[in-house]
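Here are my notes on the model you passed along. Have it open while you read.

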Amino acid sequence: MGIVTVATTPQSNLHDLDTSPTGVEEEDGDDAVRRSAGVGESSRASRHWWDRNADEYQDEHGEFLGDDRFTWCPEGLDEADARLLGEVSGKDVLEIGAGAAQCSRWLAARGARPVALDISYRQLQHSRRIDLGRGAEPVPVVQADAAVLPFADASFDLACSAYGAVPFSADTDRLMREVHRVLRPGGRWVFSVTHPIRWAFPDEPGVEGLTAMSSYFDRTPYVEQDEQGRATYVEHHRTLGDRVRELVGAGFRLIDLVEPEWPADLEQEWGGWSPLRGRLIPGTAIFVTERG
């Protein structure tokens with residue numbers, strides 16, 4: 001099975017992550033602004049950005065991420081230890097914003113039947129590259145829109161996303177409803193995002209990143225744009241309350257909200273994540289939910 005291309009919308013993943021205000025580096029000549037950005041503009045910018053940067057990203061972060069590691073966040077919380085999805089063996093699992101499908105590969109090794117979905121064709125090509133290099137059965141991959149999932153109702157037992165899709169979607173109410181639709185009753189939807197409080201702070205790993213400079217309640221998107229004003233990267237902010245309301249509105253029950261602490265032995269910086277900041281303010285929020 002090759003890469004099935006269905007549609008486009010903004011998606012990424014911790015496994016293709018360097019986001020801003022959570023860590024992305026601007027393209028040369030691009031301006032960083034806060035302005036409105038709709039569904040179409042956000043989608044186009046995200047797809048082009050990740051296709052353009054996929055190779056560099058995998059070169060830089062591939063060793064940390066591994067080929068088949070399921071880590072939820074830069075703090076290094078792995079699903080092998082956290083077990084936020086519960087039992088995965090024998091389950092149909094949708095990974096949203098899968099990047100090179102490292103999480104799906106981990107799931108398959110434990111008896112799950114994963115499907116890896118992402119907006120970036122180039123990232124999914126890296127998934128194929130990894131599978132070919134390992135001589136393993138390829139992970140099924142789909143290039144598609146997270147807010148218009150190309151699957152029948154009740155197709156999956158579980159859905160997950162490690163920093164994928166959610167922060168890059170202009171319409172997360174719709175995204176949550178779509179995930180609810182394709183899950184079977186009682187199925188879990190677990191996803192990690194940059195902790196919303198980080199939007200109040202500069203994206204700097206040092207002391208300059210410890211002073212709040214913006215309003216936590218400002219939902220204006222972060223946009224990088226070229227000289228013609230066209231968005232080249234877009235990320236959307238929601239407060240913790242916003243996330244809970246959209247989940248409940250879609251029909252999910254919130255089971256847990258995990259805020260991983262920075263490990264004492266982790267000295268690696270990742271964009272705006274650092275030991276200094278991580279030991280003082282949360283960097284990641286993981287929502288653990290169940291379909292009603």
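The points below go from the whole chain down to single residues.

1. First, the ground rules. This is a predicted model, where local features need pLDDT of at least 70 and side-chain atom pairs count only at pLDDT 80 or more, while totals for chains, interfaces and linings use all residues. Numbering runs from 1 along each chain as its sequence is written, and side-chain values use heavy atoms, with hydrogens and water left out.

2. Overall fold: I get seven helices and 11 strands (DSSP runs numbered from the N terminus, H or I of at least four residues for helices, E of at least two for strands). The radius of gyration is 17 Å, close to the 19 Å from the globule rule for 292 residues, so the protein is as compact as a globular protein of that length. That radius is taken over C-alpha atoms, and the rule is 2.2 Å times the number of residues to the power 0.38.

3. Of the contacts with a separation of 6 or more, 77% join residues 24 or more positions apart; a contact means heavy atoms within 4.5 Å.

4. Take a look at α6, residues 240–250. Its buried residues are Asp242, Arg243, Glu246, Leu247 and Ala250. Down the helix axis they fall within an arc of 125°, so they line one face of α6 (the arc uses directions from the axis to the C-beta atoms). They pack against α5 (172–182), β7 (183–194), β10 (252–258) and β11 (284–291). On the face turned away from that side sit the exposed residues Arg245, Val248 and Gly249. After α6 comes Gly251, with a positive phi near 105°.

5. Most residues other than glycine have a negative phi. Ala101 lies in the loop between β3 (92–96) and α3 (102–109), and Tyr163 lies in the loop between β6 (156–162) and α5. Ala101 is buried at 0% relative accessible area, and Tyr163 is buried at 1%.

6. Is His126 buried or exposed? His126 belongs to helix α4 (residues 121–134) and counts as buried, because its relative accessibility is 8%. Leaving out residues up to four places away in sequence, His126 touches Ala54, Asp55, Gln58 and Ala100.

Definitions and conventions
Buried means under 20% relative accessible area, exposed over 50%, partly exposed in between (1.4 Å probe, protein chains only).
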